[in-house]
Amino acid sequence: MFDLDLHLHSTASDGTLSPSELINKCAQNGLKVVALTDHDTLNGIGEATKQAEVLGTIEVVPGIEVSCNWNGTEVHILGLFTRADDARLSEYCSRARKNRLSRSKKIVERLQQIGIEIKFEKVTELAGNAVIGRPHIAKALVDAGYVKYPKEAFDLYLGSSHSSYFPSSTISPIEAIDLLVESKALPVLAHPMRSKVKSGRNPISNLSELISELKPRGLEGIEVYYGDYTDSQISRLSLIAKESDLIECGGSDFHNSGNPGEPQPGTVGPPMSTLSNLKNRLK
Ligand code: AMP
Ligand code: MN
Ligand code: MN
Ligand code: MN
């Protein structure tokens, strides 16, 4: 098991454990330092940090995962060491929350047009206070008996090649990096390659072009140790990180999604030296 996991989700976005439950699970799994990186929100960080203080054995790095659109490809940028009081970042989050709500409504309407009988009200009820995302729609499809697991909902109805798909974001990775740099958080390129448990997501087709665009703007790290990446993916990414002078980051991207084979917190992650490398760049 590993000590460091820099990519985790809670009920503040599309995870199914509350921030406290997530921190308890991470501590039980032996993790020492974890980043909460909910999609387009900082809302879970206060609770996660408090719970870590109660336990006393685990530290929380405040983070975010910003959804971006790079010429039609979905690109996610993690921000590590975010500050809850940053005005521009908070303003971005409230804009993203509204966009995601109207986009989810459009996806549900498209599904209704092809005969899928789920209600938007059911989806918003499942999301509760969370920043809404496709996994909430997937849960509604599971509950209505259309599919067995959320992943199956992505394969059949919610993937980016399906007619119901609308991107969640209009912000480019460069804009996300500018936002994070200005708020003094460290930008990290998330899951740069295809992952089996999230099939259906189009991989970034020109990774070196993306990195050469983002590095001069302040990209600090890249996920090398991620979810279900194979040894050969990890070694290719490690080489890319070294060549581009990016810190080798990563984590499980755990959501407690209920999908079979989901990588658990603490089963994958970067070495502890990544944390000191990141902290050095904060200075
Ligand atoms: P959204 O942010 O609304 O576009 O939804 C994307 C989220 O859906 C990701 O962060 C994952 O949590 C989940 N997801 C994406 N693709 C898949 C997939 N193929 N199988 C299961 N979950 C997925
Ligand atoms: Mn997610
Ligand atoms: Mn992601
Ligand atoms: Mn994620």
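Predicted model: local features only at pLDDT ≥ 70, side-chain atom pairs only at ≥ 80, totals over all residues.
Residues are numbered from 1 along each chain as its sequence is written, chains are lettered from A and ligands numbered from 1 in the order in which they are written, and side-chain values use heavy atoms, with hydrogens and water left out.

**Exercise 1. Find the protein donors of the manganese ion (ligand 3) and give their spacing along the chain.**

Step 1. Donors are N, O and S atoms within 2.8 Å of the metal (3.2 Å for Na, K and Ca); water is not among the atoms, so sites may look incomplete.

Step 2. Glu-65 (OE), His-76 (ND1) and His-191 (NE2) lie 2.1 to 2.2 Å from the manganese ion (ligand 3).

Step 3. Along the chain these donors follow the spacing E-x10-H-x114-H. Glu-65 sits in strand β3 (residues 59-70) and His-76 in strand β4 (residues 73-80), 11 residues apart. Strands (E, at least two residues) and helices (H or I, at least four) are DSSP runs, numbered from the N terminus.

**Exercise 2. Decide whether Glu-65, His-76, His-7 and His-9 are buried or exposed.**

Step 1. Buried means under 20% relative accessible area, exposed over 50%, and partly exposed in between (1.4 Å probe, protein chains only).

Step 2. Glu-65 has 0% relative accessibility, so it counts as buried. His-76 is buried because its value is 5%.

Step 3. His-7, at 0%, is buried, and so is His-9, at 1%.

Step 4. For strand β4, 7 of its 8 residues are buried.

**Exercise 3. Work out how β4 pairs with β3 and with β5.**

Step 1. Two strands pair if DSSP finds at least two bridges between them.

Step 2. β3 and β4 run antiparallel and are joined by 8 bridges; Trp-70 stands opposite Thr-73 in β4. The two strands form a hairpin with 2 residues between them, and Asn-71 in the turn has a positive phi of about 45°.

Step 3. β4 also pairs with strand β5 (residues 186-189), in the antiparallel sense over 4 bridges. Here Leu-80 stands opposite Leu-186.

**Exercise 4. State which residues lie nearest the centre of the largest pocket, and which element gives the most to its lining.**

Step 1. On a 1 Å grid over the protein atoms alone, a pocket is an open set of points where a 1.4 Å probe fits, with protein on both sides within 12 Å along at least five of seven lines; lining residues have an atom within 4 Å of a point.

Step 2. Of the 47 lining residues, Asp-14, Pro-135, Phe-154, Lys-198 and His-255 lie nearest the centre.

Step 3. α5 (134-143) gives the most to this lining, with 5 residues.
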